[in-house]
Amino acid sequence: MNHPGTIVFVEVGSPEEKVMKVTEVPESVAFVKLNGAKVPVVRVVAQVVGAQRIIVSYGADGARLSATYQSKS
Amino acid sequence: MSVKLGPKVDPRTAVIPGPTRATASSEAKETRAGWNPLARRPITQVHHRPAPGPTPPPMEDHPVVDHLEQQLLWAALPAQRQKQLHALIESTSAIGNRARAAIARVVEAEDFAGLTPAEQAVRVSAAAFSPPVIPELTIGDLENTRPLLELSRRQEARVRGFEFAGAAPAEVKVTTVTIAGHEVKITEATTPLPAGLHQHSTETIIDALRRMPLDALKQIQEVQLSSARSPTDAFYAQLYGKPDFRAYMNCGADGVVGVFPFTEAGEQNCTQNCVHSTHTVSSTLVHEAGHSWSMRTYGHASEQGWKDWEAAAARDNMALSAYAKSSVDEDIGEATVLYLESRGTPHFDTYRALYPNRFALLDRQFNPAAAPQPPAPRAVPPQFSGSGDR
């Protein structure tokens, strides 16, 4: 599946949004592999919770595609 | 009027009395000394772990908190708030203890007696519910006393050429287990881990899966135990300015979970309340199961299910946890942990009283026979403040 071209990175609690071209990010960030198919990521929302950062990737239709839980250190 | 806070306080007093300015300190001390940790609410089942940081001392009896419903301020609370507050202060869980301690601090404040009942109600409500009853995250925050689910079948195989995310093809051990009738595949790297790093064993993951509520387990298809770092680490390290950023777990909407090597050796054998414990792994998977069912059932962002959930959350008028406030997705994930992890325990009714409208929707998902009819839709104000909102 083709990527629409850009990904918006958001950190909860920060007013800033960073928009990056898909060519500027690794493929493992730009796409999530679901059921054997590569689904484009268009929005990445990170939130710091305690000692962890939780990063959630969303698809073009607003669907939550995956969540990455940071290791404590 | 100076009314001493103590066992002889008339619970029908019109306005909750507070210590006078001259005696506030000594009386507050006396009140705390008078709390009898064994007198009224023995904490026999602590479903919620106390929050990190300073924990209030065990608090069981308090002359005002125990008779809150007989105070004038009670009438100033909306009916639903009364039900929620009643459930909270009567709860034998740690969240009940925390709330009672917070309310006690408020009513012992020097200026409290001079407030109107409506003002007192606002303060008491804020003390009990703000910040959220669950401070950060429900993941790993709930005790789990359920018996392990039955492991009925186990099959192992070696597979060559398997590709973990970001790693070269390698031989892996694939263990297929059937737990309570549900099949899960666990793929474990056989490549040696880099020095200083640790990874869960297949046995640990089987244990974590067996600790899950069955309704959540059904959402998990595969767990992959990699011996290589996540391919996203370098990018996120740079993006977030954290050179030591390391992903621990990645959960996809298809029920495939990736676990990456971690550094904390001491936590490997931890059973509760640490990031890499079996308990936390299990709890995290329950949270992710909440995303799986909601995506599958509610579908695309514009569909009615999400709006129904937002409306239910607005009617509950209370955050589930600080993390749940970030988006409707996370609210569902957190609610699913709370619902499934507490089901079958005495605390389930407490949580249902606190979050009745969300629990009604979860009934439709996990207990349709007992689910009430859906409420009529109505306009609600925006509930979620995070950037990941639908």
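A search of the whole structure finds 2 cavities of 30 Å³ or more. The structure is a predicted model. Rolling a probe the size of a water molecule over the atoms shows where empty space is left.

**The largest pocket**

- The largest pocket holds about 880 Å³ of space.
- Its lining consists of 35 residues. Nearest the centre of this pocket lie Val32(A), Lys33(A), Phe164(B), Ala165(B) and Gln224(B).
- Elements of both chains each supply at least two residues of this lining: α1 (27-30), β3 (31-34) and β7 (64-70) from chain A, and β4 (222-225), β5 (247-252) and β6 (256-259) from chain B.
- Sorted by class, the lining of the largest pocket comprises 15 nonpolar, 14 polar and 6 charged residues.

**The second largest cavity**

- The space in the second largest cavity is about 50 Å³.
- From chain A, Arg64(A), Leu65(A) and Ser66(A) line this cavity. From chain B, the lining residues are Cys251(B), Gly252(B), Ala253(B), Glu288(B), His291(B), Ser292(B) and Met295(B).
- Two or more residues of this lining come from each of β7 of chain A and β5 and α9 of chain B. The largest share, 4 residues, is that of α9(B).
- By class, 4 nonpolar, 4 polar and 2 charged residues make up the lining of the second largest cavity.

**Packing of α9(B) and α10(B)**

- The axes of α9(B) and α10(B) are 8 Å apart, and the two helices pack at an angle of about 125°. This angle makes α9(B) oblique to α10(B).
- On the side of α9(B), the contact is made by Trp293(B), Ser294(B), Met295(B) and Tyr298(B). On the side of α10(B), Gly305(B), Trp306(B) and Trp309(B) take part.
- The contact of α9(B) with α10(B) has 5 nonpolar and 2 polar residues, and no charged residues.
- Met295(B) belongs to this helix contact and also to the lining of the second largest cavity.

**The loop residue Gly299(B)**

- Gly299(B) is placed in the loop between α9 (278-298) and α10 (304-316) of chain B.
- Because its relative accessible area is 21%, Gly299(B) counts as partly exposed.
- Beyond its neighbours within four places in sequence, Gly299(B) is in contact with Ser294(B) and Trp306(B). Ser294(B) and Trp306(B) also take part in the contact of α9(B) with α10(B).
- Between Gly299(B) and Asn357(B), the separation is 58 residues in sequence and 20 Å in space, C-alpha to C-alpha.

How values were computed: Residues numbered from 1 in each chain as written. Chains lettered and ligands numbered in written order. Predicted model: local features only at pLDDT ≥ 70, side-chain atom pairs only at ≥ 80, totals over all residues. Heavy atoms only, no water. 1 Å grid on protein atoms, 1.4 Å probe; cavity = no way out; pocket = protein on both sides within 12 Å on 5 of 7 lines; lining within 4 Å. Points joined across faces, edges and corners; volume = space filled by probe spheres on them. Nonpolar A, V, L, I, M, F, W, Y, C, P; charged D, E, K, R; others polar. Buried < 20%, exposed > 50% of the residue type's maximum accessible area, 1.4 Å probe, protein only. Contact = heavy atoms within 4.5 Å. Axes fitted to C-alpha atoms, helices over the stretch in contact; angles between N-to-C directions. Parallel < 35°, antiparallel > 145°, perpendicular 65-115°, else oblique.
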